[in-house]
Amino acid sequence: MEFALSEEQVMLQDSVERLLNDQLPLDRVRELVADGPVHDAQLWQELAALGLCGLLIPEQYGGAGLGLLDAMLVQEILGRHVAPVAFMSTSVLAPLALLAAATSDQKQNWLPRVADGSLQVAVGLSEASGARDGAGVTASDGKLNGRALFVLGAADAELILLCCRDGGLYAVHADAVGLERIALRSIDDTQCLTELNLDNVSAEELPQGDDVIASLLDAGRVLLAADTLGAAQRMLEMAVSYSQERKQFNRVVGSFQAVKHLCAEMAAELEPCRSLLWYAAYAYEAVPEDARLMACHAKSQLGEVGRFVARTATEVHGGMGFTDLLGLHYWFKRIGLNRQLLGGPERVREEAARVQGWI
Amino acid sequence: MDLAYSPVYQQFREEVRHFLESHRADWPPRSSLGRPSAAARKWQAMLIAQGYTARTIPAQYGGHGGEPDILKSRIIAEEFTRAGAPGGLAGQGVSMLVPTLLEMGTEEQKKHWIPKTLSGEVLWCQGYSEPGAGSDLANLQTRGTEDGDDFVINGQKIWTSTAHEADMIFCLVRTEPDAPKHKGISYLLFSMDTPGIEVRPLKTMTGHAEFNEVFFTDVRVPKTSIVGERGQGWLVANATLKHERGMLGDPNTAGTRLAAIVELMREETVDGTTLMENPLLRDRLVQLQSRVLSMQFNGLRLLTAQNAGTNPGIARLIVKLQGCELNHQLAALAIDALGELGVLYNASPRLRGKGVWQRSYMFDLGLIIGGGTAQIQKNIIAERGLGMPREPKPAPTPGGAR
């Protein structure tokens, strides 16, 4: 037994960290999202070159054949750099859905293209964790009708996977007749959210979709939690660093206990989350009976701790934290978005209670 | 990352489980940190023989002499918790003095003290804090004045748990009055029967005297009772404090407490519905469960790092702060869930769980303060974990007074 990252996993995180340090300074993020949320296609190709787009895809389809723990570690670094890419939908949720539910033709058509970075897949899973504004998609005779909200992934994704009211999973092509795509605008412009209106849209069913949706939710929750962990860790580091530059009363503000204790509290809250997340990602494949409960805990706990760190780190920066100049708000907003997607803390805690037979 | 247990470990787990079940008659009644009963000492001897406690302490010092194996340690802890079986002795002698002697003691000290301590024959108390030396422990003023082959000790200690029963004390004494405050302290071991020692119980908010004050008047202690060198007591004490902080905030306590609250909330009712049916209480329960699990997995991570000899950094520094606070919050939830029943105390009719929740809620506040206050823990996390600046030193006092 060993509860630690392997050397390969540490190297994986280091390589993504190096790439993003190099390719994605904050100014680049600013520039990209200046006119609203976009997907950074250039960065995506760099990620593809590192083999990250097909991380979860078996080698026979051109991927690396790694597991959810590895994907979670990549997502953590993406959150650290508020990367405007749709790794979670295209490279995690879509491959998991296709591998579990698709026909061999469907797999052959799409998985190699995900792996080489040429196919973006959006995933509509929101209604499986709670439908807002009466959203929901119904399927009959291969045609989809209704509305899907908060679809995750690039706004111009070529393929869309949707969960339907009957529990089935369907693949819709972006150019299908009767499909209307409306960009939603959240606080966080580094991630795209889309509304889909479907009027008799032709779709391909993924035949084994029925049991997959709950498991996709688990994976999505773990990934969102990882993104928040990375973002929050970065905010903590920025707060510690800023507090040792900024002087007031002839001292760096980081030498005041009032400020040190805020930083210590952030670290004390955040560090155990890392272990919880490691286990949740590990359990997804290795301990299936724990997977749902741990995904709920990871999502809920990172939602809470992420919010605490986001506001506290901003506060440590004083007035500058509140401005656009330092750009701290990109992380603040990303953490805010992650908290609500695929079930906010209160909803997933209710699910955690149900999973344990407490209600 | 691999949490699967190989067949060797599965078999070890079976052995532990079988041992606990088949020796149920030998389980001593649960007791506090004071002098162990005959049954508790017999149980301790059985556990050492099995390697379920004092596992890695060399056999020549009365331990089991086993190889370090974090998995087996983990399995032992899990199986004892699962069975509800009492563990080995856990007083300050076993938990703090023994590891300190192993690290800093002479061969003679190890041979002389460790076996008697492990067996429960000798009960220890810890003489660290003083009325004027709490968070600023190095400011301690209890003096050991050299006189021939002895130190003559005068001063006062406080927060000395088990002092009223203890045979021996491990005690910090200022023996080098002219050295800087961190370099003038020695770590001494001496008998509580030495003339000139007076112990007064210190009653706390729980209504019990869990602690004492200890007064020293011309207490004569041979110089040979020192651990480490003269003036090195601060280093030796820090070795001990490290062990204490590892002990305070243990996530297994939180796990046991959480399980008890789950049971309580499923069984107790208000207006005819179970407490678990209240969504607000249930939400608090799940929130605390997230934190308990986080600290348990954090503990697994620490064990792995310990085994690999790597530094787990912040993951270790946060255990005391987070663990003690978590235990306190768990007790608070149990009290809130029980409502009016939750405030019953002192052997009242209708008392639940022998008053354990209120007692824990109050005593945990003592643990949040003791062993390095929460605020001191935050300084440590900020300074050692995050590399933030230390408090600026105050300007020297005129006249050089300490």
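A salt bridge is taken here as a side-chain nitrogen of Lys or Arg within 4 Å of a carboxyl oxygen of Asp or Glu. In this predicted model, a search of the whole structure finds 44 salt bridges over all chains.

**View 1. A salt bridge joins A:E351 and A:R221.** The two side chains meet at 3.1 Å, N to O, and the pair links distant parts of chain A, with A:E351 in helix α13 (residues 345-355) and A:R221 in helix α8 (residues 212-243), 130 residues apart. A:E351 is partly exposed at 21% relative accessibility, whereas A:R221 is buried at 1%.

**View 2. A:R339 and A:E304 form a salt bridge.** The N to O distance is 3.0 Å; because A:R339 belongs to helix α12 (residues 328-340) and A:E304 to helix α10 (residues 288-316) of chain A, the pair ties together parts that are 35 residues apart in sequence. A:R339 is buried, with a relative accessible area of 7%, while A:E304 is partly exposed at 21%.

View 3. A:R349 is buried at 3% relative accessible area, and A:E346 is partly exposed at 45%.

**View 4. A network of salt bridges lies in chain B.** The linked residues are B:R13, B:R17, B:R74, B:E78, B:E79 and B:R82.

**View 5. A patch of negative charge gathers on the surface.**

Methods
Residues numbered from 1 in each chain as written. Chains lettered and ligands numbered in written order. Predicted model: local features only at pLDDT ≥ 70, side-chain atom pairs only at ≥ 80, totals over all residues. Heavy atoms only, no water. Patch = residues over 30% accessible without salt bridge, like charges linked within 9 Å, V, L, I, M, F, W, Y side chains within 5 Å. Areas by Shrake-Rupley, 256 points an atom, 1.4 Å probe, with all protein chains shown as cover. Lys, Arg positive; Asp, Glu negative; His and termini not counted. Charge placed at Lys NZ, Arg CZ, Asp CG, Glu CD. Helix = DSSP H or I, 4+ residues; strand = E, 2+ residues; numbered from the N terminus. Buried < 20%, exposed > 50% of the residue type's maximum accessible area, 1.4 Å probe, protein only.
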